[in-house]
Amino acid sequence: MKLKSIPFLVAFTLITSCSTSNIAVSENLRQNSSVMEVKGNAGILINQKISFGDFHTSPVKRGWTNRTELTVLGIKHEKAKQPIEFTQFGLNGSCADIVGSNNFDNNMFKLFKGLENYANNFWNGYFGIIIPKDGGTVWEVLVENDISNTSLKSETDNGIAMDEQGNSIEIKGTKQLVENKFFTDDSKTFGYELYRNGESIGAVSVIGNGKVWIKNSLNPQDKLIVASISSMLISKQNVNKQ
């Protein structure tokens, strides 16, 4: 074997091994949820539809330019970077409108009071809003971008979601895999686990096509919110690759 073939084989092994790996989730979540394979997260992203289990999205609308007008709750923002818009469909006919932007600017969005202090620690983050169509409470989401040059360590807090009443869901980035692999990419996040009041209620892997976990005991509305956050994290990952 020629030595120049070794780098190619190493890269091929890394990619194929990583694409079939599971992120390590908490034991309670693993035992009380079903892992769902993500579909529609490969190939051309035009009119992309994300689906996993009984959850799916409308075609994801993307703004490919650095500056695009984005309308959120009837307010137009003219400085959104690579925005995304889609509808998340859940159980029993539930659904929510999702809008997001791959850059965070305090002047663009009026944050809920509880998120203001958290947002001050961000200089390069993803911002999104979940608007349930049944009149449920609106959720705002902030997630740090990998490209912010922050060296994320396993189990490090990586984001937060909060509704109008101040209820919050922690979004913890992870690099831990179920299998012991010989490679580690310290600059990228393999997935996220979602915690409410210290209890894991869901997780999403962004390796390969992706996988999603949603705790079985959640009510349909909570499952819709977890599914919405999961789809946002998957679509966010796609934007970061552009």
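Let's start with a pair of charged side chains: Asp97 and Lys133 form a salt bridge, and their closest N and O atoms are 3.5 Å apart. Asp97 sits in strand E8, while Lys133 is in the loop between strand E9 (125–132) and strand E10 (139–144), so this pair ties together parts that are 36 residues apart in sequence. A salt bridge here is a side-chain nitrogen of Lys or Arg within 4 Å of a carboxyl oxygen of Asp or Glu. Helices (H or I, at least four residues) and strands (E, at least two) are DSSP runs, numbered from the N terminus.

Keep in mind that this is a predicted model, where local features need pLDDT of at least 70 and side-chain atom pairs count only at pLDDT 80 or more, while totals for chains, interfaces and linings use all residues. Residues are numbered from 1 along each chain as its sequence is written, and side-chain values use heavy atoms, with hydrogens and water left out.

**Salt bridges**

Side chains of opposite charge can pair when their charged atoms come close. The structure holds 5 salt bridges, including these:

| Glu37 | Lys211 | 3.8 Å |

Glu37 belongs to strand E1 (residues 33–37) and Lys211 to strand E15 (residues 211–215), so their bridge links parts that are 174 residues apart in sequence.

Glu37 is partly exposed at 46%, whereas Lys211 is buried at 13%. Likewise, Glu199 is partly exposed at 35%, but Lys215 is buried at 7%. As for Asp97, it is partly exposed at 28%.

**The loop between E7 and E8**

Ser94 is in the loop between strand E7 (84–89) and strand E8 (95–101), and Leu91 is found in that loop as well. A polar atom of the Ser94 side chain lies 2.8 Å from the backbone oxygen of Leu91. Ser94 is buried, with a relative accessible area of 14%, and Leu91 is partly exposed at 21%.

Now for their contacts (heavy atoms within 4.5 Å). Leaving aside neighbours within four places in sequence, Ser94 is in contact with Gln88, Phe89 and Leu224. Leu91 and Lys223 are 132 residues apart in sequence, yet 8.0 Å apart in space, C-alpha to C-alpha.

**The nonpolar cores**

A nonpolar core is a set of buried Ala, Val, Leu, Ile, Met, Phe, Trp, Tyr and Cys residues joined through side-chain atoms within 4.5 Å. The largest one has 34 residues, and Phe52, Ile130, Ile214 and Ile229 have the most contacts inside it. Helix H4 (residues 220–241) gives the most to this core, with 8 residues. Leaving aside neighbours within four places in sequence, Phe52 is in contact with several residues, among them Met36, Glu37, Val212, Ile214 and Ala227. There's also a second, separate core of 11 residues, which includes Leu115, Ala119, Leu142 and Met162.

Note on methods: Buried < 20%, exposed > 50% of the residue type's maximum accessible area, 1.4 Å probe, protein only. Polar contact = N/O pair within 3.5 Å; in protein donor to acceptor, adjacent residues only side chain to side chain.
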